[in-house]
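Let's take a walk through this protein together. Have a look at the model first, and then we'll go through it piece by piece.

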Amino acid sequence: MELYVGDGLVFFATAANKLHLDSYYIGLVDIGGCNVKRMNSWLKQLTEAPGVSGYEQKVKDLLKSRLDGKAEVSYDRIGSIIFKKTGIGSEPKIMLASHMDEIGFMIKHITKEGFLKFTTLGGWWEQVMLGQRVTVFTAKGEFPGVIGSKPPHILSAEERKKMVEKKDMYIDIGAQDDQDARERFGVVPGDAAVPYSEFTIMGNEKMLMAKAWDNRVGCAIMAEVMERLNHIAHPNIVFGVGTVQEEVGLRGATTSASVINPDIGFAIDTCVAGDTPGVTSDQASSKLGKGVAISIFDASLIPHAKLRQFVTGLAEERKIPYQLEFTEGGGTDAGKIHLHDAGVPSLVLSIPTRYIHSHNSIIHWDDCQAATDLLVAVAETLDYAKYRELIE
Ligand SMILES: [Zn+2]
């Protein structure tokens, strides 16, 4: 099955970006017959957009332009965006939640010497932070910076064995002192610092490396599904949601579920890939390129068993590759959605992601295609009778 790219797709790359992108594609053939170049251009914009928790506006703007005129738009009141597509029936209401935020940093203090002390937004492990580039967004613009580290030459044997703690880290933007940081750069406490990393197509062109796959890949899939629904008579109402602040406590899922009042919930997110050295299959079971991951358990949700059976049955019927996945150390937006009001049968569809929660994570194109196809199949077949069957 090919990955569908709808008509009239809007792209937002600057001329400079486009030139840069073109150089990527020399010799690249279409994958599955779809327009890889257009899709990758869209993914580049989504992943490179800055959008740490609480600062998701640019991601929201991208989604809004992409689905402009193709779905009814509304909002919750803390930043989430809701796209509504009414089919030939009005029940059930299906919510597809993809969080727009990425993990990052917020400046909390400027030292006398002009270094920026920060707090982390979302779950970071110290070992992947030191020496990494960030972009600091201030009222005066965007400025490159780096999370400073001591060179090994001056570390004692004892120090080398220890992990530097987040509280001892700082961002260096090249300011001379605190006054310079405030005046030339416009830094104030509360400014966001965003991981810096370029979207990169790997030697195997189905494998894509970028920052923020968690969860811009979910946003991309949600947008793709909503677009495809324009060509399909689905017996329900589908709400595609870009939620805010998932990484700091599934907050936008809570508020957007209140706006929608869904009957069925799906979180579209990423999960830890278990196919790298040192990761055992009882720690993480999903593998890149083996299909969309369907969750059997995570720390925030026991997925609705009948809904899961319905979805896996559909995947088998349509020959869409899938794998079962569990996450003991994490949750998704579905963790909040399923507890909304009297409860909402919910499930998580994930894209296996290597090096999740770091500056450079890797996903596989085929898994995105499978997730998109499966969600479209759900929208095509989940009618009121089926919904009653699920909850009774
Ligand atoms: Zn995450």
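Residues are numbered from 1 along each chain as its sequence is written. Keep in mind that this is a predicted model: local features need pLDDT of at least 70, side-chain atom pairs count only at pLDDT 80 or more, and totals for chains, interfaces and linings use all residues.

Where they touch (C-beta atoms, placed from the backbone, within 7 Å), domain 1 brings 12 residues and domain 2 brings 13 residues.

Now for the sheet. Eight strands form an open sheet with mixed pairing, in the order β1-β2-β12-β3-β13-β16-β14-β15. Strands here are DSSP runs of E, at least two residues, numbered from the N terminus, and two of them pair if DSSP finds at least two bridges between them. β1 (72-75) and β15 (322-327) sit at the edges with a single partner strand each, so one side of each has no neighbour in the sheet.

Let's zoom in on one pair. β13 (residues 264-272) and β16 (residues 346-353) run parallel over eight bridges, and I268 has L349 in β16 as its bridge partner. Leaving out residues up to four places away in sequence, L349 also touches F266, V292, I294, A371, L374 and L375, among others.

Notes:
Contact = placed C-beta atoms within 7 Å. Helix = DSSP H or I, 4+ residues; strand = E, 2+ residues; numbered from the N terminus.
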